[in-house]
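The sequence and the model come first, followed by an account of selected residues.

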Amino acid sequence: MGLGGCIILIAVGAILTFATDWDMQGVNLDLVGIILMIVGLIGVTTFSSIARRRRVVVPPTTPVVNDGRPPRDGYSDGYGA
């Protein structure tokens, strides 16, 4: 279940809990809505922790070539004087 599915669960749960006044025999729609919202929040936190773990910064593997010349700073070659 992706982030969109979790948000849909939260929205449907909120609609069942706060925006309906249906009475079904043997089903408490307020409780069902709260359960859906909790499951959606658990999904969002799980998804965000997995997504954060995937963002690993890999250092570049390109070697730095030093040809013996000093590095240019933009001022010592006459342009900044």
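Which residues does Leu36 touch, not counting residues up to four places away in sequence? Leu36 touches Leu9, Ile10, Val12, Gly13 and Leu16, where a contact means heavy atoms within 4.5 Å.

The model is predicted: local features need pLDDT of at least 70, side-chain atom pairs count only at pLDDT 80 or more, and totals for chains, interfaces and linings use all residues. Residues are numbered from 1 along each chain as its sequence is written, and side-chain values use heavy atoms, with hydrogens and water left out.

**Overall composition**

The protein chain contains two helices and zero strands; helices (H or I, at least four residues) and strands (E, at least two) are DSSP runs, numbered from the N terminus. Of its 81 residues, 14% are buried. Buried means under 20% relative accessible area, exposed over 50%, and partly exposed in between, with a 1.4 Å probe and protein chains only. Among the contacts with a separation of 6 or more, 52% join residues 24 or more positions apart. The chain exposes about 7100 Å², of which carbon and sulfur atoms supply 65%; accessible areas come from the Shrake-Rupley method with a 1.4 Å probe, and for residues only the protein chains shown count as cover.

Leu36 is found in helix 2 and is partly exposed, with a relative accessible area of 22%. Its C-alpha atom is separated by 8.2 Å from that of Ala14, 22 residues apart along the chain.

Thr17 has its place in helix 1 (residues 3–18). Thr17 counts as buried because its relative accessibility is 14%. Leaving aside residues up to four places away in sequence, Thr17 touches Asp30, Gly33, Ile34 and Met37. A polar atom of the Thr17 side chain lies at the following distances from two backbone atoms.

| Backbone atom | Distance to a polar side-chain atom of Thr17 |
|---|---|
| Asp30 oxygen | 3.5 Å |
| Ile34 nitrogen | 3.3 Å |

**Surface patch**

Trp22, Met24, Val27 and Val32 form a nonpolar patch on the surface, with about 390 Å² of accessible area together. Patches are made of residues with over 30% relative accessible area and no salt bridge; like charges are joined within 9 Å, and nonpolar side chains (Val, Leu, Ile, Met, Phe, Trp, Tyr) within 5 Å. A salt bridge is a side-chain nitrogen of Lys or Arg within 4 Å of a carboxyl oxygen of Asp or Glu. Val32 lies in helix 2 (residues 29–54) and is partly exposed, at 33% relative accessible area.

Technical notes: A polar contact is a pair of N or O atoms within 3.5 Å; within protein, one must be able to donate a hydrogen and the other to accept it, and residues adjacent in sequence count only if both atoms are side-chain atoms.
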